[in-house]
Structures are given as structure tokens and as C-alpha cells.
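Trainee: I have not looked at this structure before. Could we go through its side-chain contacts step by step?

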Amino acid sequence: MSFIRNFPLFTIVLSLFSGALCLLISSKAARIYTVLLESVLTVMVSMTLWYTYTTDSAFTYKMGEFPAPWGNEIRAGVLECVIALTFLIIILMSLLAGDHFLRIDIDESKQNLFFSLVSLMTAALMAMTWTNDIFTGYVFLEILTLTSCGVLIVREIGRTTLAAVRYMILNLLGSGLFLLGVVLLYDLSGHLLMVPMHEAIARIAEDPESIPVIALSVGILTIGLGIKSGLFPFYYWMPDTYGSATPASASLMSSLVTKAYIFLLIKIYFRAVGMEVIRKTSILEILFVLGILGMIFGSVRAVSTGSINRMIAYSSAAQIGYIYMGLGIGTLAGLTGALFQIVAHGFTKSLLFLTVPYLAEASGNSLLFGSLRGAARKDRQAAFFFLIGALSMVGIPFFAGFPVKLLLGESAVGQHSSFKLLAAMLGLAISTLLNAMYFIRTLILLNMEKLPEEASPGEMKVRSKSGGVQRIGYPFAALVLAAANIFLGVFSWTLVELIRLGLAMFQ
Amino acid sequence: MQALMENYVEAAAVILFGVGFTTLLFHRNLIKKLIGMNIMDTGVFLFLAAMGYIRGRHAPIIENGVEEVERYINPVPAGLVLTGIVVSVSVTAVMLSLTIRLYKRYHTLDLDAIYVLSRHQGEDR
């Protein structure tokens, strides 16, 4: 049984090893190998979740048995396991569902590079989820940035390079700020491991004069991660980036990469700095306001855009706003809502990003709304999964988006500030209304009858060639993602229970 | 002012960070942006190195069998700087390769001009 304690480390080491291995083998072998690897890791993390749940405790794994402050640690509790499991399932499903377009978008000889990058990305995601050391967090954060840039440019069309450069420049600014924040916190506390750092900062914070210094360090770190995760007003890279990537990459980037940064931020707040110290600063209030602005402006841009991919990308920006709003409310209930949103939005957005290209393929490979008219009649299967994703995004009961809004609303009622209550309710109402507007509009458009005179030559084509390859993985993967959406909607209490348990272990 | 004079290395590090950050954010030329990124990282490394150094102590390599902690400086910041340099070099390499790709396609390093060209070619959606 105690052997399970090695599994979190295995997930990182195996993925790193596979990243190197995929470069040496053929694309076909790399494809099979990566899917197998992700499946094995999913089983490992499930067992770790079961282990931490049944023993009702988190465990720490000391590298080389060196104690603090010299050693490096990883830590596994229920919350880390839930997040890691979500990440792994989404990676696996993205690989299966995106395979059809991967074969079209990427040259056969270079496909093994994509799988190598996905393995490395898995390693970075796992390390950022498990790590108990803030500097290790920084190193893997940079690896995640590089690999996400890699999965973007592996599709070689002109605009991906430009989108990648834009994405990288913003991310490098974010990384620089994060590194400075980490160094300042190390300077203050003398520790890099989260637990001793927490103790040191709690001691320093007893002196009220030190609060501005702590606020400055944490603030710089927060801006860094905020830029990287697409917090308002830093979300403008999202549409170009997600729009030009191959569907599997878009799904990975929107569902996982941005969420991993936010989870690291939550981890630092809770475990390295301490929420009681954070509450003494005004960081949470700023995050709350920016979150609500993101919810509203992201949705407004989604309504006004002309292509379905950009609409979903802007809706991602709005959904990131929900997470920051939950975090900004500052109570455990708000944080539960934010963490629920990380999981729920991961499953929903990956489903949408993986489904939309099939609808586009059915209507001549164009993503513009005008040419998508009637696509649902041509591809019933994709239309069905799009419907489930859309209903979940709008927040219809029995779908994953509903409990998020309920949890966030409840947490706003449960706290003391009347400003936050009013702002949260207004933000939720406006954003839900706009969500409903653009998704219902899209659903109607997809189901309308196609007009006979169409397809002007100036139409934007997403890819010149199409089809030719059987879509085998998509129905299965989409079914799993849709089932996860409905499960989270109907049995939301299971995840809420796990998150609460995980947060209790987090302290 | 006194504190600033005493910690002049840290002050210089923060100024370097600011110079690098603004160059990365506002400069239009891609290569200069990258130079800015490297200056920004160097600022952080200088800060780390200054933090780890204690006046009058030696590098953390055992000399003449003396093992007392008081004789040596803290080795951890130096380790962090080394790790940071590795990260910074790899990021620079990736960015330079992207820059070469963009230059081959658009024949300019000016990011604004590249946007305009990309829009003209109907790539920007």
C-alpha cells in the first residue's frame, strides 16, 4: 500500500522520460505509446486519490530523504489528486478526439514531436500540481510555457508563429514577474519549501509594518500568474492562440495550461503565504474586481465576434474570470466554487474545442458563423456534443456549469461585504445572460437550413484539405467528456465533498 | 536614502529588472525584446546573488578542512541562479528560433509591421 506514495513522483519522471523517448521512435509508435502512458498515469493518480481519500490524510514525499530547508518535496492530498486526475483525463481525451485533425494538420514525420511535447507538458502539469517547493514551481512553469508554445507552432501555418510569439512575449513578462515574486518571498522568509515558508511569513506578519512588503512580493507574483492565466485585461492573446492551433492543442491550452497556473497560485496563497496574511492585504479584492470585469468583457467580446472558435476562446476568458471571482471572495466557499470551476470548465471547454472543428469540417472547413449555418444537420454527432457543451457553459441544471454558478452565488451570499454580494450577483447575472445569448444563437444557426447560394471565395478556411482519415477516437472521447459534464452536474456533491476534504488537508 | 546606499546592489538589480521589463513590453523590434528579457532575468539573478552573499565569508567550497558554517556563504541562491540561467537560455533559444521563422516569412523584425503584413495577407482572424 505504501508503494502508492511513489506514484506522484512516477507521474513526473515517466512523463519526462517519455518526452525524450518519443523523439527517437516513429510517429505511429509515439502515438500509441503516449496514449498508453497517459492511461497508466491516470490509473496511478486514481489509486493515489483512493489512497489519500481512504487514509484521510495527505502525504509528503522527500526527494533523497533530505529534510527542509535543503530538500525538495512533493505532496499529495485529495485536492492535488483531483486536479491531476482531471488534467490527465483531459489530455487523454484530447489526444483521442484530436487525432483526426492532428493527422491532417501536422506532417506525418513531425507528429512524434507533438507527442513528445505532450509528454513533457504532462510532466510540467504534474510537477506544478504536486510540488511543495515554490522554485520547482517556477522551473516547471517555464517548461509548461515552452511546451505549450511548442504544441501551438507544431502546426506550421503562418499565423501560428505570430500567435506563438505574441503568446510567448506575454508569458515571458509573466514568468519574469513570477520569478521576482518568488525571489522576494525567499528573501523575506529564507525558505523555498511551502510549509517552512508559511511558518516564517506568519511570524513576520505579526509586525503590521511588514504587511506592505509581503503584499508587494505576493502582488508581483500574482500579476505574473494573472498575465499567464489570462486574467482581465491580459486575455487578448487567447483568440489568436486557440484559433490557430490544432484542435488537440487548443483543448490542452484552454483547459489545462491556464488552470495549472491558477492552481499553483491557489497553492502558494494557501500553503506558502497563508490566507490569513493574504486577507490582510487588498490582493483578493483586486482579483475579485478583475475577475468580474473578465466575466463581463470576455462575454461581451464573445457576443460580438464573427467566428465560432474566437467566440469559444473569449468565453474561456470569461470563465477564467469566474475562477478569479471565486478566489477573490476570499472564503472557503468561494474557493470551493473556484476549484469546481477549474474542473468543470476543463471538461466543458475541451469538449467544445474538440467538437467545433468537426462542425466546421461539415460546412466546408470555415469557422465563420455565416457558413456554419446548417452544420448540425450534416453532422448530428458533433452537434449533439456541442449542445451538451453549450448547455453546460450557459449553466443549465444537470450540467457541470450549473453547480459552479450556484456555489459562487452561495459563497457571495455567505460573506459579509455587501459590495461583493452585489457585484458578484450582477456579474453572474450579466455573464450568464450573455453566455445564453451567444450559445443559443449559435445553436439556432447550426440547426437552420443552409441557404443554397453560399461559399464566397473570400471565406476564411481553417484548413485546405479535409477528411480522408476515419474518426475513431472522437465519439468515445467526446462521450467521456460529455458524461463527465453530466456527472458533475447531477452528482456535484461528490466533487464538492472531495474539494472540501482536500482544502481541509491543504491548511 | 541610507538604506538605498547600503543595498546598492539590490537597487541596481531592481532598476535592471525595470529596464528589461519595459523593453520586453514596449519595444517593437523582436531581437531587442529578447535582449530586454535577458536583462530582466539578469536583474533577478543579480538580486539573488546579492542576497546570498555575506560580507567577509568565503565561497561554499570546503577550504583546508574547515567545516564551520560561519565561514561560508549560503550556496542555495547560487544554485537558484544557475537553474534560472538554464531556463533563461532555453527560453531565449526558442524565442530566437521563432524570430527566425517570422523573419523568413515577413522579412522584418518589427512586430507591428508583421501584424500589418499578416492582416494584409488575410491571416489574422
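This is a predicted model: local features need pLDDT of at least 70, side-chain atom pairs count only at pLDDT 80 or more; totals for chains, interfaces and linings use all residues.

Trainee: How many aromatic pairs are found over all chains, and what kind of pair do A:F232 and A:Y235 form?

Mentor: The search of the whole structure gives 24 aromatic pairs. For A:F232 and A:Y235 the ring centres are 5.9 Å apart and the planes are at 35 degrees. Planes under 30 degrees apart count as stacked and those over 60 as edge-to-face.

Trainee: How many residues apart in sequence are the parts tied together by A:F263 and A:F506?

Mentor: A:F263 and A:F506 form a tilted aromatic pair, 6.4 Å centre to centre with 35 degrees between the planes. A:F263 lies in helix α10 of chain A and A:F506 in helix α21 of chain A, so the pair ties together parts whose separation in sequence is 243 residues.

Trainee: Are A:F263 and A:F506 buried or exposed?

Mentor: The cut-off for a buried residue is under 20% relative accessible area, and for an exposed one over 50%. On that scale A:F263 and A:F506 are both buried.

Trainee: Which ring does the charged end of A:K420 sit over, and which face does A:R441 lie over?

Mentor: A:R441 is 4.9 Å from the ring centre of A:F369 and lies over the face of that ring. The charged end of A:K420 is 5.5 Å from the centre of the ring it sits over. The rings are A:F288 for A:K420 and A:F369 for A:R441.

Trainee: Which residues touch the most other members of the largest nonpolar core?

Mentor: The largest nonpolar core has 219 residues. One of the residues in question is A:F386, whose contacts beyond four places in sequence include A:I308, A:L352, A:F439 and A:L446. The residues that touch the most other members are A:F114, A:Y269, A:V273, A:L339 and A:F386.

Trainee: Which parts of chain A do A:D105 and A:R155 tie together?

Mentor: Side chains of opposite charge can pair when their charged atoms come close. A:D105 and A:R155 meet in a salt bridge at 3.6 Å, N to O, and both are buried. A:D105 and A:R155 are 50 residues apart in sequence, so their pair ties together helix α3 and the loop between α5 and α6.

Trainee: Where in chain A do A:D240 and A:R310 lie?

Mentor: The side chains of A:D240 and A:R310 meet in a salt bridge of 3.2 Å, N to O. The two residues are 70 residues apart, and the pair links distant parts of the chain. A:D240 lies in helix α9 and A:R310 in helix α13.

Trainee: How many salt bridges are there between chain A and chain B?

Mentor: Over all chains, the search finds 10 salt bridges. Chain A and chain B bury about 3,300 Å² between them, 78% of it on carbon and sulfur atoms. The count of salt bridges between chain A and chain B is 0.

Trainee: Which residues of chain A lose the most area to chain B?

Mentor: In the contact between the chains, 35 residues of chain A meet 35 residues of chain B. Three residues of chain A together account for 18% of what that side buries. They are A:L162, A:L173 and A:Y186.

Note on methods
Residues are numbered from 1 along each chain as its sequence is written. Chains are lettered from A and ligands numbered from 1 in the order in which they are written. Side-chain values use heavy atoms; hydrogens and water are left out. Rings of Phe, Tyr and Trp (its six-membered ring) pair if their centres lie within 6.5 Å; planes under 30 degrees apart count as stacked, over 60 as edge-to-face and the rest as tilted. Helices (H or I, at least four residues) and strands (E, at least two) are DSSP runs, numbered from the N terminus. Buried means under 20% relative accessible area, exposed over 50%, partly exposed in between (1.4 Å probe, protein chains only). A charge sits over a ring if NZ of Lys or CZ of Arg is within 6 Å of the ring centre and within 35 degrees of the ring normal. A nonpolar core is a set of buried Ala, Val, Leu, Ile, Met, Phe, Trp, Tyr and Cys residues joined through side-chain atoms within 4.5 Å. Contact means heavy atoms within 4.5 Å. Buried area is the accessible area (1.4 Å probe) that two parts lose on being put together, summed over both. A salt bridge is a side-chain nitrogen of Lys or Arg within 4 Å of a carboxyl oxygen of Asp or Glu.
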